[in-house]
Amino acid sequence: MNIKEKKVKLLNRESELEFLPRLTEYLNGPKIYIKRDDEGGRSAGGNKLRKYEYLLGEALEKKCDTIIIVGHFQSNAARELVGVACQLELKSVVISKELIPNQNHIFLKNGNALLMNIMGAKIITINKEDDFEIAMKTIAKNITQEGGKPYIVPFGGSNALGALGYVNCVNEIVKQCEIQAINFPDYIFTATGSGGTQAGLIAGVLKNNKKTKVIGISVLQNRNAAEKGVAKLLYEMFDLVQLPEQSNDIVKIDDEFIGDGYGITTDESIRTIKLVAKLEGIFLCPVYTAKAMTGLITYIKSGKIKKNESVVFIHTGGSPLLYAYYDKLFE
Ligand SMILES: *Cc1c(COP(=O)(O)O)cnc(C)c1O
């Protein structure tokens, strides 16, 4: 069975590619477009759904009945996975540990925590020091002993198979640029966490023979570690997608916008959320897209991207997190 046949349909339409006229004018720089991967699909949507089309396809093909994911009670990846499991009549288990040092009661119970609670998610909390891999294997073993068949989702849905979802995203952008009679962008910006989104975007750009630079704004790891992770995924994708020869410095990640770490807001990221909401009525999320957009705005202001160029910003989702970070945002 080939990979295409394995895929399960979780997105019933292409995400919109929209021009952002007011943000473009405000920055007096390149034309900025946004790919609305925050819209569409069940359980409030987001970038993991493109990956889950392949991963859950594989789980169904293997006749697995319980999907295991690691993360956090505020994880978009976990919330999207629980939603997909409900939709496909599968069980799910979220293994959670403290990845973000925030214990106020809004953070504990609102946002993705609330949505997962509404969907009846099974969340198992382990200690901060405990190893995710070991916890996952133990729980998978328990499921097997009880007669179930577990499927383990890789961290962030990021392995070569999951990353194929973002090759599809680039294929959509190619088509949409043709229809809208605009040039394919000089840059694509994305938030980079586990790296599958960026690896897929780079593979998609290569596959379509474009020269576009894919810039990942890291929200999780330092530049070196993040670039290594994405390069490894890209390498693993070569077996699945026939890609032309790649150059060595194709993975470009900037870690200047993380601030104090994963899930910790910065003054600039909060300002960016408000700026983009006020200009365009678009909501970014405090953990990922606000930092990525802060990166893009900084690149434009410093002249790294020229006025005659164009950018597509991938809106990877995460707006439920706005409610979890209410205390940082409400004036
Ligand atoms: C998971 C996530 C990302 C990061 O994607 P990776 O493929 O893990 O790098 C970006 N934005 C949002 C909203 C996410 O949930």
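At what angle do helix H8 (residues 160–179) and helix H9 (residues 196–207) pack, and how far apart are their axes? Select both helices in this predicted model: the angle is about 45°, and the axes lie 7 Å apart. H8 and H9 are therefore oblique to each other, and H8 passes H9 in a right-handed crossing.

Next, display the side chains at this interface. On the H8 side, select Ala163, Tyr166, Val167, Cys169 and Val170. Their partners in H9 are Gly196, Thr197, Gly200, Leu201, Ala203, Gly204 and Val205. Coloured by class, the residues of the contact of H8 with H9 comprise eight nonpolar and four polar residues, with no charged ones.

**The whole chain**

The secondary structure of the chain amounts to 14 helices and 10 strands. The radius of gyration is 19 Å, close to the 20 Å that the globule rule gives for 331 residues, so the chain is as compact as a globular protein of that length. Along the principal axes, the C-alpha atoms fill a box of roughly 60 × 50 × 35 Å.

Colouring by accessibility shows that buried residues make up 56% of the 331 residues. If contacts are drawn for pairs with a sequence separation of 6 or more, 81% of them are accounted for by residues 24 or more positions apart.

**Helices H3 and H4**

Now select helix H3 (residues 48–61) together with helix H4 (76–87). The axes of H3 and H4 come within 10 Å and cross at roughly 50°, which makes H3 oblique to H4. The crossing of H3 and H4 is right-handed.

For the contact itself, show Lys48, Leu49, Tyr52 and Leu56 of H3 with Ala77, Glu80, Leu81 and Val84 of H4. By class, the residues of the contact of H3 with H4 are six nonpolar and two charged, with no polar ones.

Glu89 has a positive phi of about 60° although it is not a glycine. Is Glu89 buried or exposed? With a relative accessibility of 76%, Glu89 counts as exposed.

Then move to the loop between H9 and strand S8 (213–218) and select Asn209. Phi of Asn209 is near 55°, again a positive value in a residue other than glycine. At 62% relative accessibility, Asn209 counts as exposed.

Select helix H7 (residues 132–145) and highlight Thr144 within it. Thr144 is partly exposed, its relative accessible area being 45%. How far apart in space are Thr144 and Thr66? A distance drawn from C-alpha to C-alpha gives 9.7 Å, for two residues 78 apart in sequence.

Continue to Gly147, in the loop between H7 and strand S6 (150–152). Gly147 is exposed, with a relative accessible area of 63%.

**Helices H11 and H12**

For the last stop, select helix H11 (residues 267–280) and helix H12 (residues 289–301). H11 and H12 pack at an angle of about 85°, with their axes 8 Å apart; the two helices are therefore roughly perpendicular to each other.

Show the residues that make the contact: Glu268, Ser269, Thr272, Ile273, Leu275 and Val276 of H11, and Ala290, Lys291, Met293, Thr294 and Ile297 of H12. This contact of H11 with H12 has six nonpolar, three polar and two charged residues.

Finally, centre the view on Ser269, in helix H11. Ser269 is buried, with a relative accessible area of 1%. Which residues are in contact with Ser269, leaving aside its neighbours within four places in sequence? Select Ala290, Lys291 and Thr294 to display these contacts of Ser269.

Key:
Residues numbered from 1 in each chain as written. Predicted model: local features only at pLDDT ≥ 70, side-chain atom pairs only at ≥ 80, totals over all residues. Heavy atoms only, no water. Axes fitted to C-alpha atoms, helices over the stretch in contact; angles between N-to-C directions. Helix = DSSP H or I, 4+ residues; strand = E, 2+ residues; numbered from the N terminus. Parallel < 35°, antiparallel > 145°, perpendicular 65-115°, else oblique. Left-handed = near helix turned anticlockwise from the far one by under 90°. Contact = heavy atoms within 4.5 Å. Nonpolar A, V, L, I, M, F, W, Y, C, P; charged D, E, K, R; others polar. Rg over C-alpha atoms; globule rule 2.2 N^0.38 Å. Buried < 20%, exposed > 50% of the residue type's maximum accessible area, 1.4 Å probe, protein only.
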